[in-house]
Amino acid sequence: MGNILILYHSQTGNTRAMADLVAEGAGKVPGMNIKCLSLKEAKPADLLWCDGIALGAPTHLGVAPWQMVQWWTKATSKAWRHVDGKIGCDFSSSGGWGGGNEMTVQSLLKIMMNFGILVFGATDYTGKKTTLHYGAVAAGKPGTAREKQACRRLGRRLAEWVAVLVDGQKDQSPHKVKYNRFKRS
Ligand SMILES: Cc1cc2nc3c(=O)[nH]c(=O)nc-3n(C[C@H](O)[C@H](O)[C@H](O)COP(=O)(O)O)c2cc1C
């Protein structure tokens, strides 16, 4: 068994839609307990509970919003030094392409790295010119099949790594899976 936390902030629902897709993808791997929580719902105890975390936020001024930084700042006393070695990845919705969503995912990765979380990207493509090397990104609500699939793939990959590295399910390795990881059309 493995525990997956999808922790997100969303003001107008776009990142929330991504979070739901990430959860759907994580559910493709057997034996995962999945919690999908907003910043308002989540407690530091949820961080301690999880084996893997997908962190999602809208792009605000080209970086992670202050609410996300505030949540992790408040969590420091209970979680810092207690979550090293968990597995992390991330996602962001911005107003438009070029609006900074790739920089935002990197700022989310940095927060997790500061807590000792092992962060990863994915080499996969989920459609024409669409990848998730640093996390899944969308402009607005994920609308196209390839954007939605990038979110699902992120969650699935997180669950796969948790299955392999935490739960000992070696057959769930992305190197052994049967689906096409590099669909470019
Ligand atoms: C305070 C604020 C700052 C924003 N800054 C950016 C930005 O720098 N670049 C961008 O592309 N969109 C920016 N946006 C737009 C949001 O990233 C975008 O609408 C996103 O889809 C919202 O996601 P949500 O529905 O999960 O809140 C900003 C929105 C707000 C409220």
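A polar contact is a pair of N or O atoms within 3.5 Å. Please keep that cut-off in mind, and note that the model shown here is predicted.

With that definition, consider Gly-99: one of its backbone N or O atoms lies 2.7 Å from a nitrogen atom of the ligand, so this pair falls within the cut-off. In Ser-10, a polar side-chain atom is 2.6 Å from an oxygen atom of the ligand. How much of the ligand does the protein bury? The ligand alone exposes 640 Å², and the protein buries 70% of that area.

Two elements, α1 (14-26) and β4 (87-94), each give two or more residues to the shell around the ligand. In total, 17 residues surround the ligand, and the closest are Ser-10, Thr-12, Thr-15, Thr-59 and Ser-93. By class, 15 residues of the shell are polar, two are nonpolar, and none is charged.

Let us turn to the interior. In soluble globular proteins, nonpolar side chains tend to be buried together. Here the largest nonpolar core has 27 residues, of which Ile-4, Ile-6, Phe-91 and Leu-158 touch the most other members. Elements that give two or more residues to this core include β1 (2-8), β4 and α5 (145-165). The largest share comes from α5, with seven residues. A second, separate core of 23 residues includes Leu-7, Met-68, Ala-79 and Met-112.

Finally, Ile-6 is in contact with residues beyond its sequence neighbours within four places, among them Ala-19, Ile-34, Ala-54 and Phe-91. Thank you for your attention.

Notes
Residues numbered from 1 in each chain as written. Predicted model: local features only at pLDDT ≥ 70, side-chain atom pairs only at ≥ 80, totals over all residues. Heavy atoms only, no water. Near = heavy atom within 4 Å. Polar contact = N/O pair within 3.5 Å; in protein donor to acceptor, adjacent residues only side chain to side chain. Areas by Shrake-Rupley, 256 points an atom, 1.4 Å probe, with all protein chains shown as cover. Helix = DSSP H or I, 4+ residues; strand = E, 2+ residues; numbered from the N terminus. Nonpolar A, V, L, I, M, F, W, Y, C, P; charged D, E, K, R; others polar. Core = buried A, V, L, I, M, F, W, Y, C linked by side-chain atoms within 4.5 Å. Buried < 20%, exposed > 50% of the residue type's maximum accessible area, 1.4 Å probe, protein only. Contact = heavy atoms within 4.5 Å.
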